[in-house]
Amino acid sequence: MTFDPASLQFNEAGLIPVIAQDAQTHEVLMLAWMSAESIARTLETGKVTYWSRSRQAFWVKGETSGNVQKLVEMRLDCDRDCLLVLVQQSGPACHTGRRNCFYTSIQGGEEVELMKPMV
């Protein structure tokens, strides 16, 4: 069956949440958003392209930082309202310089920093 981005369940802003996961280690790296056009660009180029809600523009991961995400596989969930991109990540995925964006744990009601920036 041919994939049609129009079959996805986008929110009222025309976006769908996307979880980025390291294809080799299965580490969850980050959560971002895609539009139908950014999905098409990602599939066409192999460079993961998100929609930046703050800048209201396309955001090719690593375009300015050099910490690129190369698409290995794109998956959709059963409700077609969330995507999973399996990627080859070079460098940190988080804008804070950490390997992933999930570096804070809640333990006993307290926030605990699990990792320091890579650089």
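Trainee: Why is S35 called buried?

Mentor: The relative accessible area of S35 is 11%. Buried means under 20%, exposed means over 50%, and partly exposed lies in between (1.4 Å probe, protein chains only), so S35 counts as buried. This is a predicted model, in which local features need pLDDT of at least 70 and side-chain atom pairs count only at pLDDT 80 or more, while totals for chains, interfaces and linings use all residues. Residues are numbered from 1 along each chain as its sequence is written, and side-chain values use heavy atoms, with hydrogens and water left out.

Trainee: Where is S35, and which residues does S35 touch?

Mentor: S35 sits in the loop between β2 and α1. Leaving out residues up to four places away in sequence, S35 touches F10, G14, L15, W51 and F58; contact means heavy atoms within 4.5 Å.

Trainee: What makes β5 and β6 a hairpin?

Mentor: Seven bridges join β5 to β6, which run antiparallel. R75 has L84 in β6 as its bridge partner. Six residues lie between the two strands, and R80 in the turn has a positive phi of about 60 degrees.

Trainee: Why are β2 and β5 called edge strands?

Mentor: The open sheet has the order β2-β1-β6-β5, with mixed pairing. β2 (28-34) and β5 (69-76) each pair on one side only. Helix α1 (residues 36-45) lies across β1, β2, β5 and β6, at about 120 degrees to β5; axes are lines fitted to C-alpha atoms, for helices over the stretch in contact, and angles run from 0 to 180 degrees between N-to-C directions.

Trainee: Why is β6 described as largely enclosed?

Mentor: Six of the seven residues of β6 are buried, so the rest of the structure largely encloses β6. β1 is mostly covered too, with six of its seven residues buried.

Trainee: Which residues touch the most other members of the largest nonpolar core?

Mentor: They are M30, M34, I39, Y50, M74, L83 and V85, out of 17 residues. Such a core is a set of buried Ala, Val, Leu, Ile, Met, Phe, Trp, Tyr and Cys residues joined through side-chain atoms within 4.5 Å. β1, β2, β5 and β6 each supply at least two residues of this core, and β2 gives the largest share, four residues.

Trainee: Which residues lie nearest the centre of the largest pocket?

Mentor: W59, K61, G62, T64 and S65 do, among 17 lining residues. β4 gives the most to the lining, with three residues.

Definitions and conventions: Pairing = 2+ DSSP bridges. 1 Å grid on protein atoms, 1.4 Å probe; cavity = no way out; pocket = protein on both sides within 12 Å on 5 of 7 lines; lining within 4 Å.
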